[in-house]
Amino acid sequence: SSGRAAAVLYDPAFDRPPLERLGRLAEAAAVCRAVLADEDPVFEGRHFHVAGAVNRPGPVRAGGTPVVVELRGPALLDAAAGAEADGLLELLVRSVDAVVVTGDGGAVASWRRQLGGAVPLLWREAPRHRGHVPGQAQRVLADVVGAGADGLVVQAPPVDDVAGPRSVRALGEAVAEVLEGRQG
């Protein structure tokens, strides 16, 4: 991919306690960072460990492949707010290039407070937001950008859908308008 790929991690095991999920994600990110960027990767954690893994050929991008973690669900946000999560959040922030979150502007603002400005915060639209008419999409996007999202991850509607090309164009226009308003 000539350095254009990223490793995106998330924990789909919603049956695990949220603090454990957060710990597993932070450690998985640390393992990925070590394996993708270090000559002789070593990491020892509660859930995962690595020693001597070989990353050949070496990464094209300086610093290795970007590592991104998606933090899904309000339970993770609640766990991250607890004092027990401080070390986990520090490990997470040191290990990733960006964090992806979902939810409304309130959730984005809460994650921004938890993570500070140490790592880019990206908002990903939840499946329930897909298919919004342009005005609704623009309001949702403006809400999350205004709450502190540094970027957006949106999924365009299928182009084989009858309204697909119009929807893709409308979504692009909504994103552009929101981002232009942020810069202006």
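Q: Which residues of helix α3 (residues 86–95) are buried?
A: In this predicted model, the buried residues of α3 are L88, L89, L91, L92, V93 and S95.

Q: And what covers the buried residues of α3?
A: The cover includes the helices α1 (18–37), α2 and α4, along with the strands β2 (42–44), β4 (67–71) and β5 (98–101).

Q: Why is L76 called buried?
A: Buried means under 20% relative accessible area. L76 has a relative accessibility of 0%, so it counts as buried.

Q: Where does L76 lie, and what does L76 touch?
A: L76 lies in helix α2. Leaving aside residues up to four places away in sequence, L76 touches P18, R21, L22, L25, L71 and W111. The C-alpha atoms of L76 and L19 are 7.0 Å apart, although 57 residues separate the two along the chain.

Q: What makes α2 roughly parallel to α4?
A: The axes of α2 (residues 74–81) and α4 (residues 105–115) come within 10 Å and cross at roughly 30 degrees. Angles under 35 degrees count as roughly parallel, so α2 is roughly parallel to α4.

Q: Is the crossing of α2 and α4 left-handed or right-handed?
A: The crossing of these two helices is left-handed.

Q: Which residues meet where α2 contacts α4?
A: From α2 come L76, L77, A80 and A81, and they meet A107, S110, W111 and Q114 of α4. The residues of this contact divide into 6 nonpolar, 2 polar and no charged.

Definitions and conventions. Residues numbered from 1 in each chain as written. Predicted model: local features only at pLDDT ≥ 70, side-chain atom pairs only at ≥ 80, totals over all residues. Heavy atoms only, no water. Axes fitted to C-alpha atoms, helices over the stretch in contact; angles between N-to-C directions. Helix = DSSP H or I, 4+ residues; strand = E, 2+ residues; numbered from the N terminus. Parallel < 35°, antiparallel > 145°, perpendicular 65-115°, else oblique. Left-handed = near helix turned anticlockwise from the far one by under 90°. Contact = heavy atoms within 4.5 Å. Nonpolar A, V, L, I, M, F, W, Y, C, P; charged D, E, K, R; others polar. Buried < 20%, exposed > 50% of the residue type's maximum accessible area, 1.4 Å probe, protein only.
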